[in-house]
Amino acid sequence: MYIGRFAPSPTGPLHAGSLVAALASYLDARSNRGHWLIRIEDIDEARTVASAAEHIIQTLAALGMRSDGEILWQSTRQERYNAAFNQLGNAVYACACSRREIADSRVSMASDGAAIYPGTCRHGLAPGRVPRAWRVRVPDANDSQTLIQFHDRWQGLIEENLAAHVGDFVLKRADGFWAYQLAVVVDDAEQGVTDIVRGADLLESTTRQIYLQRLLGFSTPRYLHVPAVVNDRGEKLSKQTGAQPLDVGNPIKALIEAAAHLGLTLSHTPSSVDEFWTMAILEWEQRFVRI
Ligand SMILES: [Zn+2]
């Protein structure tokens, strides 16, 4: 049974970029005759905007996309993240380093621009040092387990050496904040997600997520990362880069534009939202499902 999901962070209204990710995940679920779930990734309270989640859910519904099951809210799931964190046992250790201390160690940069953690606290904290975060150990550079590979249905073969390019990464901060990587892996496993379809901006997170899946004994879903939508300056569309809320006054136009970004040609202009979905699902199926 195919189970897919769309998992927005409620930091603002749906925009053209997030619509593309929603559309792709919905098309893939429908053309595989599967279930499609909405999950609200609201664990980062500092970034969560009140009522943004409801707005996103309503906008998706106006475009014909409704969750096939109960909507999961990450803010309600602290206990589950804690249980997974505890399950990791000795794979996790306390780290007392400040951002400045890590930057000053002059290590190289990780693929996402963060400094690669030099491993300072791997063997325990010096007396008097207070934990700021908990990190998960990645295998050493000479250990074959540190190379994570997967086949992405859009991007092809992706591989990353965790020791060389990521380093031990944070799962939890002392202020109680859970890292995105852990929450996503726990939720996908519990919801039985078989297929993750999302924007390519999350490609660089995938190898860390696969590593966590392996440590926790979860199976690894299939992945498909669609090209991110960028603005005139080449920046990924987001609230931070000034993306405009989606205009759902004309749902067919919004859907056609998102479909065009995914390379769907649509043989003619659909006259209704329902007709759009019939055409788009068929075209997606021919391209990604029938091989
Ligand atoms: Zn440290």
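Helices (H or I, at least four residues) and strands (E, at least two) are DSSP runs, numbered from the N terminus. The model is a predicted one, in which local features need pLDDT of at least 70 and side-chain atom pairs count only at pLDDT 80 or more, while totals for chains, interfaces and linings use all residues. Residues are numbered from 1 along each chain as its sequence is written.

**Exercise 1.** State how many helices and strands the protein has, and judge how compact the protein is for 291 residues.

*Solution.* Begin with the secondary structure, which comes to nine helices and ten strands.

**Exercise 2.** Describe how helix H6 packs against helix H7.

*Solution.* Two packed helices are described by the angle between their axes and the distance between the axes. Here H6 (residues 180–190) and H7 (residues 203–216) pack at about 55°, with their axes 9 Å apart, where axes are lines fitted to C-alpha atoms over the stretch in contact and angles run from 0 to 180 degrees between N-to-C directions. That makes H6 oblique to H7, since angles under 35 degrees count as roughly parallel, over 145 as roughly antiparallel, 65 to 115 as roughly perpendicular and the rest as oblique.

Finally, look for residues in contact (C-beta atoms, placed from the backbone, within 7 Å): Gln 181, Leu 182, Val 184 and Val 185 in H6 meet residues of H7 including Arg 208 and Leu 212.

Definitions and conventions: Two residues are in contact if their C-beta atoms, placed from the backbone, lie within 7 Å. The radius of gyration is taken over C-alpha atoms; the globule rule is 2.2 Å times the number of residues to the power 0.38.
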